[in-house]
Amino acid sequence: DAGITQSPRYKITETGRQVTLMCHQTWSHSYMFWYRQDLGHGLRLIYYSAAADITDKGEVPDGYVVSRSKTENFPLTLESATRSQTSVYFCASTTGLYNEQFFGPGTRLTVL
Amino acid sequence: GESVGLHLPTLSVQEGDNSIINCAYSNSASDYFIWYKQESGKGPQFIIDIRSNMDKRQGQRVTVLLNKTVKHLSLQIAATQPGDSAVYFCAENKIQGAQKLVFGQGTRLTINP
């Protein structure tokens with residue numbers, strides 16, 4: 001029972017490079033989410049998806065791109081990484097019927 | 001603007017005592033309020049939620065109280081254990097189904113032996 005996984009768990013990159021963070025869930029949940037967590041800001045929603053091929057912006061979408069061609073995968077791409085995108089990124093999923101979201105273990109991204 | 005925030009960033013209690021974590025919110029349109037627990041190095045984990053038409057809801061060792069008059073939410077943890085040490089976040093949602101949760105900044109709870 002894998003649940004929700006994220007890869008890589010740690011990533012160091014340089015300013016201007018493209019980075020893709022992967023998220024995979026095995027529950028066939030309709031909804032998937034990407035959050036970033038920074039000290040002093042708690043969790044902030046970047047993008048979310050209600051189903052395959054349906055995505056929408058959250059609170060802080062600038063500089064990020066998402067896609068959802070398959071229900072189980074929801075990759076997050078930083079097209080040109082900036083230092084301000086150094087953060088811990090969490091993916092989450094839910095059925096959409098209840099308030100409980102299931103979070104992955106997170107990816108710690110450092111942009112030098 | 002809309003915000004969900006916490007009164008105290010840190011809370012330290014003795015093992016076995018009860019803990020109360022507070023949260024203030026400003027968006028009266030929110031219909032659900034949720035508490036999450038985040039242990040070090042892990043993703044947040046759902047604890048309990050409450051709908052705006054309720055003022056109290058109980059779970060296992062936890063109770064959430066909602067005071068809509070003063071826009072205040074609290075999480076009470078009974079007989080705290082070392083495993084309760086974590087950061088606790090409140091969040092709000094306008095519609096059940098967990099779209100676009102707005103999280104507060106979190107309170108770190110430390111349990112002293």
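1. Basis. The model is predicted: local features need pLDDT of at least 70, side-chain atom pairs count only at pLDDT 80 or more, and totals for chains, interfaces and linings use all residues. Residues are numbered from 1 along each chain as its sequence is written, chains are lettered from A and ligands numbered from 1 in the order in which they are written, and side-chain values use heavy atoms, with hydrogens and water left out.

2. Cis peptide. The bond from A:S7 to A:P8 is cis, with omega near -10 degrees. A:P8 sits in the loop between β1 (4–7) and β2 (10–13) of chain A. Strands here are DSSP runs (E, at least two residues), numbered from the N terminus. Most peptide bonds are trans, and most residues other than glycine have a negative phi.

3. Positive phi. A:S28 is not a glycine, yet has a positive phi of about 60 degrees. A:S28 lies in the loop between β3 (19–25) and β4 (31–38) of chain A. A:S28 is exposed, at 59% relative accessible area. B:R61 also has a positive phi, near 65 degrees. B:R61 is in the loop between β6 (56–58) and β7 (62–67) of chain B. B:R61 is partly exposed, at 30%. Exposed means over 50% relative accessible area, buried under 20%, and partly exposed in between (1.4 Å probe, protein chains only).

4. B:S52. This residue is in the loop between β5 (45–51) and β6 of chain B. B:S52 counts as buried, at 16% relative accessibility. The side chains of B:S52 and B:D31 form a polar contact of 2.6 Å. A polar contact is a pair of N or O atoms within 3.5 Å; within protein, one must be able to donate a hydrogen and the other to accept it, and residues adjacent in sequence count only if both atoms are side-chain atoms.

5. Interface. 23 residues of chain A contact 22 of chain B (heavy atoms within 4.5 Å). About 1,700 Å² is buried between the chains, with carbon and sulfur atoms giving 53%. Buried area is the accessible area (1.4 Å probe) that two parts lose on being put together, summed over both. A:L43, A:N99 and A:F103 supply 35% of the area that chain A buries against chain B, more than any other three residues.

6. Interface polar contacts. Five residue pairs are in polar contact between chain A and chain B, both residues at pLDDT 80 or more. On the chain A side, β4, β5 (42–51) and β9 (87–94) each give two or more residues.

Terms used
Helix = DSSP H or I, 4+ residues; strand = E, 2+ residues; numbered from the N terminus.
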